[in-house]
Amino acid sequence: MSAARFANPVFVALDTPDLARALAVAHAVKPHVGGLKVGLEFISALGPDAVRRIVEVGLPVFADTKFHDIPNTVAGAARAVAMLGVAMFNVHASGGEAMMRGAAEAITDVHPRPLLIAVTVLTSLDDAALAAVGQRGSSAEQVERLAALAQAGGLDGVVCSAHEIALVRKVCGPDFLTVVPGIRPSGSAPGDQRRVMTPSEACTAGADILVVGRPITAAADPAKAAQSIAQELSRTRP
Ligand code: C5P
């Protein structure tokens, strides 16, 4: 899969515990983005009915569930989230191949079947942070290892930083999806993200989906911020 498969690759991260705020941002940015993302903050505060409300906005929804547990538990959770009508959700690749395979097998008869993606290394972690949790080697080596494991487990792609897209392509081929957070338009604050790139740099590097949160949601005018990213991408994409 390449970026050209998505007319607009930007998925907006609706990281808020406030459903009214999430719906307001979703409707405001709808003309300028390709999808919406709900993550742990939203899902924990508001639950599955709120996820359905975001699905009803009418754009593909990425449930950033980041499941990481024993295979049986993750399989059940995967099936439950797949039934909400989301287009995509994810698990942590570090949960292991059996866990990923269990999730993939649990959703085979869900129609339409959502894409199942594995988180490799969080974009907030740098090599020093990885060393502190006992992981030897660079973040790139860990992404490479986990992407290959995710593909072996039957997943559709990975979440990685823009800096590792080429590596994932080399190891997993052109059809394996790359979903890329840590996107920062030039001049915007990195916040807690460490391995960042601009939207057009990430697309040029081959990202299929760009996850953008605070640069849009914390802007004074989220619709304008989303539009300006869409315009930047239309200048750089084929
Ligand atoms: O606000 P910002 O653009 O940093 O938001 C990035 C979003 O992507 C957040 O919702 C975060 O949870 C998510 N994410 C991430 N790194 C990953 C996977 C998901 O930042 N590896």
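**Briefing: the ligand shell and selected residues**

The residues of the shell around the ligand comprise eight nonpolar, three polar and six charged ones; here Ala, Val, Leu, Ile, Met, Phe, Trp, Tyr, Cys and Pro count as nonpolar, Asp, Glu, Lys and Arg as charged, and the others, Gly among them, as polar. This is a predicted model, in which local features need pLDDT of at least 70 and side-chain atom pairs count only at pLDDT 80 or more, while totals for chains, interfaces and linings use all residues. Residues are numbered from 1 along each chain as its sequence is written, and side-chain values use heavy atoms, with hydrogens and water left out.

**The ligand and its surroundings**

- The ligand is surrounded by 17 residues, of which D15, K37, R184, G213 and R214 are the closest; a residue is near a molecule if one of its heavy atoms lies within 4 Å of it.
- A polar side-chain atom of K37 is 2.7 Å from an oxygen atom of the ligand, and a polar side-chain atom of R184 also lies 2.7 Å from a ligand oxygen atom.
- For R214, a polar backbone atom is 2.7 Å from an oxygen atom of the ligand; a polar contact is a pair of N or O atoms within 3.5 Å.
- On its own the ligand has 470 Å² of accessible area, and the protein covers 88% of this; accessible areas come from the Shrake-Rupley method with a 1.4 Å probe.
- The elements that give two or more residues to the shell are β3 (61-67), β8 (209-212) and α9 (214-217); helices (H or I, at least four residues) and strands (E, at least two) are DSSP runs, numbered from the N terminus.

**Backbone features**

- The peptide bond from H111 to P112 is cis, and its omega is near -10°.
- P112 belongs to the loop between α4 (97-106) and β5 (115-119).
- K66, although not a glycine, has a positive phi of about 45°.
- Strand β3 contains K66.

- K66 counts as partly exposed because its relative accessibility is 24%; buried means under 20% relative accessible area, exposed over 50%, and partly exposed in between (1.4 Å probe, protein chains only).
- V12 lies in strand β1 (residues 10-13) and is buried, with a relative accessible area of 0%.
- Between V12 and S139 there are 127 residues of separation in sequence and 25 Å in space, C-alpha to C-alpha.

Notes:
A polar contact is a pair of N or O atoms within 3.5 Å; within protein, one must be able to donate a hydrogen and the other to accept it, and residues adjacent in sequence count only if both atoms are side-chain atoms.
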